[in-house]
Amino acid sequence: MGSTDEHNRRTVLRAASAAGAGLALTPPAASAAGAAGATGEATCASDWLPEGPLRVSPADPRYDHLIARGASNRFRGRPDRVYLVGSTEQVVRAVQEAVRSGARLAVRSGGHCFEDFVDNPDVKAVIDMSPMRDVSFDSRRRAFAVEAGATLGEVYRKLYLGWGVTLPAGYHAEVGAGGHVPGGGYGPLCRLFGLVSDYLYAVEAVVVDRAGTARAVVATREEDDPHRDLWWAHTGGGGGNFGVVTRFWFRSPESTDGTDPARMLPTPTRTALTFTADWSWQGMDEARFTRMVRNHGEWAERHSAADDPNAALYAEFALTRRAAGAHLLLGQVTAEPGEDRRLLNGFLHAISAGTTRPTNLVIRRLPWLTAALNGSGEAVGDWHIKIKSAFLRRRLTDHQIAAVHHHLTRADTNVIAGSVVLNTYGGAVNTLSPTATAMPHRDSVLKLSCLASWSAPDQEAEYLTWIRACYRDLFAATGGVPVPNKTTDGAFINYPDTDLADPRWNTSDTPWQTLYYKSNHARLRAAKTRWDPRDVFHHALSIRPARGGGRTG
């Protein structure tokens, strides 16, 4: 391929891998827990922020960097101040100051929010959690403590090198834990071990009561914890709803006793077989495209059980615009050497049966930690991004595949970096009931994402028109959105899409809250009413308190 084609291909791949990473696309450190009369367990102040919070104003030379940490250039905020915090006590002070001044507040850890929940012109104060990155073992709670500003790469490195364990979190090492976890984050180990939020034992957060007082509190999953509903809200309720998460504790649900940290979280295989492959558009007509996508979906249907050996295989299949040159497959197999290659060969053969074979196939067996830190192999780039999502209980129908093909090949648009991404799902994710955690999507076999990525602001209208039409036509039978039914199961809150709350694009009778939370929304709203009654923490898709609460900023 020429240099332009290669640039386009890599642009699509970066956008697709961002989706597959299970990115924290909600305000990354915003969430909550609370307890009437309970005091927080404040962490020690950061060595380099002993007198924090540090208030950074627009006149400060550090300000421009801090407000530009978002992964997408689509939005840019200009808050009056950014608080750099090094401890839970400093977060309390920052929140209290913002509440007293009436400033609208948002929170950032990794910076991977692809809507304007943080970078919004109405947000006047941003709490930046990036200094709080500690990962350690808490022997008193018998759980691993992770501060909200830690990146997934830091979590993987410290857990594995320290104790030989890991969490089944996202594919992108630079995502912040603060928003990834509360949204029910997933990644390449989710089919083997479940979601990262399934391992959440406790959470520490700063909340604001009805009187406007900020305090740090802790909630756990213990049955006799009177604040258990606040813990539950963090297992899929999404960020930006209840308060500011400062610290998580993780422990396997089945690990109820014992003191050996090496037995309290999953142990990955010694190596991971990583792979990338292209399916060229050259010579691929609609019949071959349909067969390829159908093959992939049927494989996912056959191998979605938790006890299926193929649960060790995770893949992201980005179906791209014809102008990008090739469809892109990437992923990894975490099984024993020999078995990993057998599973991969079976997967590739299944996709290609009766249609086009892959090109540019690259397979590498790496030490597990190396593979985890490499992630998808691509960093989120410096561009504008829009994302839409859906959980699929069945493969795409042939009618839906035809809609995808139409939008990937239509010649009446200049869109290049547009794609429909199909990620393998299911396995251990589906072993819990929809109400065991706040994450209700527990019987899907694929997670679908529509992505559009552009570099110049004047391209936005064309790219938004393309992605909205593609998504609308995919789910035309249910009002343009993935209404929970026999084949689809709603959308992923960590990939927020404000179009779902817009009647121009959601013409169904299903509110956006049901698409994201299903029947769990009522329980989440009760938690919101109890722990953020003033609606201090809010954004375009936040959970609202019941009548009687009131917005204050």
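## Nonpolar cores

In this predicted model, the largest nonpolar core comprises 124 residues, and the members with the most contacts inside it are Val95, Ile127, Phe250, Phe289, Leu329 and Leu448. Helix H12, which spans residues 460-474, supplies the largest share of this core with 7 residues. Apart from this core lies another one, made of 21 residues, including Phe114, Tyr314, Val421 and Tyr495.

Leucine 329 shows what such a position looks like in detail: once its neighbours within four places in sequence are set aside, leucine 329 is in contact with Phe275, Thr276, Ala277 and Trp279, with Ala315, Glu316 and Phe317, and with Phe347, Leu348 and Ile351.

## Salt bridges between separate parts of the chain

Side chains of opposite charge can pair when their charged atoms come close. The count of salt bridges in the model comes to 36. One of these joins arginine 104 to aspartate 122, with the closest N and O atoms 4.0 Å apart. Because arginine 104 sits in the loop between helix H3 (88-101) and strand E3 (105-108), while aspartate 122 sits in the loop between E3 and strand E4 (125-128), the pair ties together parts that are 18 residues apart in sequence. The two partners can also be described by their accessibility: arginine 104 counts as buried at 12% relative accessibility, whereas aspartate 122, with a relative accessible area of 49%, is partly exposed.

A salt bridge also forms between the side chains of lysine 518 and aspartate 489, with an N to O distance of 2.7 Å. This pair links distant parts of the chain, 29 residues apart, since lysine 518 belongs to the loop between helix H13 (512-517) and helix H14 (521-531) and aspartate 489 to the loop between H12 and H13. Lysine 518 is buried, because its relative accessible area of 19% falls under the 20% cut-off, and aspartate 489 is buried with a relative accessible area of 0%.

## A buried pair and a network

Lysine 528 and aspartate 532 meet through their side chains in a salt bridge of 2.6 Å, N to O. Is lysine 528 buried or exposed? At 0% relative accessibility, lysine 528 counts as buried, and aspartate 532 likewise counts as buried at 0%.

Elsewhere, salt bridges that share partners join several residues into one network, whose members are Glu115, Lys386, Lys388, Arg468, Asp497 and Asp499.

Conventions
Residues numbered from 1 in each chain as written. Predicted model: local features only at pLDDT ≥ 70, side-chain atom pairs only at ≥ 80, totals over all residues. Heavy atoms only, no water. Core = buried A, V, L, I, M, F, W, Y, C linked by side-chain atoms within 4.5 Å. Buried < 20%, exposed > 50% of the residue type's maximum accessible area, 1.4 Å probe, protein only. Helix = DSSP H or I, 4+ residues; strand = E, 2+ residues; numbered from the N terminus. Contact = heavy atoms within 4.5 Å.
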